Amino acid sequence: MHYVLGFALGHVCGSVPSGLWLVQALHGIDIRNYGSKNIGTTNVFRTVGPSTAVMVLLCDMLKGIIAVALVNHFFHNPELDVVTALGALLGHNYSVFLGFKGGKGVATGLGLLVFLMPKVAGTVFLVWLVLVLITRYVSLGSIVAAILTPIMSWYFAYPCAYIILGAIAGFFVVLRHKDNIGRLLSGTESKIKPGNAKNLPK
């Protein structure tokens with residue numbers, strides 16, 4: 001029963017569409033109608049600019065952290081932490097508030113890593129940052145970071161349950177980037193640049 005409740009709590013917290021609600025509140029637009037139509041940090045950055053994107057990033061990170069922190073506080077069970085974390089990640093990707101549609105899980109996954117495996121979080125974030133700065137492809141950085149997550153989880157000798165979480169989370173991040181992978185291979189992927197909400201039609 002604890003595992004069911006943990007997954008449900010994670011899924012509800014993860015389902016909160018931070019990008020959609022924040023952009024609507026601050027800029028009066030539906031982010032799903034612009035750019036890649038994704039509700040995540042990258043599309044928010046490209047569409048309305050970095051200030052709102054940072055807020056979306058932090059909220060998407062925190063919603064996973066909050067769910068796992070609550071479960072961890074009461075039960076101190078690594079397996080339950082992992083089940084809750086998976087619920088949060090899947091909630092972000094398949095939100096109950098958006099008809100089981102959602103983001104790509106990068107920010108929420110990063111938040112979960114920061115809480116559960118900070119050494120892994122620091123390493124993969126650094127790799128992500130270097131790749132994005134060099135190539136200007138956020139998707140490439142996210143895909144490589146996702147693939148590295150279970151490898152670094154094993155390298156830093158985290159519990160087996162956490163390594164499995166890293167593998168599953170990495171798989172879903174790569175899966176959600178399948179269209180980006182196709183565009184990267186064909187050379188049509190967009191490079192990152194900040195947008196400005198003032199330039200958008202309402």
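This passage describes the fold, the surface and several individual residues of a predicted protein model.

Local features are reported where pLDDT is at least 70, side-chain atom pairs count only at pLDDT 80 or more, and totals for chains, interfaces and linings use all residues. Residues are numbered from 1 along each chain as its sequence is written, and side-chain values use heavy atoms, with hydrogens and water left out.

The overall picture is a helical one. The protein has 10 helices and 0 strands, where helices (H or I, at least four residues) and strands (E, at least two) are DSSP runs numbered from the N terminus. Read from that end, the elements follow the order α-α-α-α-α-α-α-α-α-α. The radius of gyration is 16 Å, close to the 17 Å that the globule rule gives for 202 residues, so the protein is as compact as a globular protein of that length. Here the radius is taken over C-alpha atoms, and the rule is 2.2 Å times the number of residues to the power 0.38. The C-alpha trace spans about 50 × 35 × 25 Å along its principal axes.

Of the 202 residues, 48% count as buried; buried means under 20% relative accessible area, exposed over 50%, and partly exposed in between (1.4 Å probe, protein chains only). Among contacts with a separation of 6 or more, 69% come from residues 24 or more positions apart, a contact being heavy atoms within 4.5 Å. The protein carries 15 positive and 6 negative charges, whose mean positions are 12 Å apart. In this count Lys and Arg are positive and Asp and Glu negative, while His and the chain ends are not counted; each charge is placed at NZ of Lys, CZ of Arg, CG of Asp or CD of Glu.

Just after α3, Gly 49 takes a positive phi of about 110 degrees. In α2, Ser 18 has its place and is buried at 7% relative accessibility. Leaving aside residues up to four places away in sequence, Ser 18 touches Val 56, Cys 59, Asp 60 and Lys 63.

Most residues other than glycine have a negative phi. Arg 136, although not a glycine, has a positive phi of about 70 degrees; this residue lies in the loop between α7 (118–135) and α8 (138–155) and is partly exposed, with a relative accessible area of 35%. Ala 157, in the loop between α8 and α9 (160–176), has a positive phi near 60 degrees and is exposed at 65%.

Finally, Lys 178 is found in helix α10 (residues 178–186) and counts as exposed at 55% relative accessibility. Lys 178 and Ser 139 are 39 residues apart in sequence and 9.9 Å apart in space, C-alpha to C-alpha.
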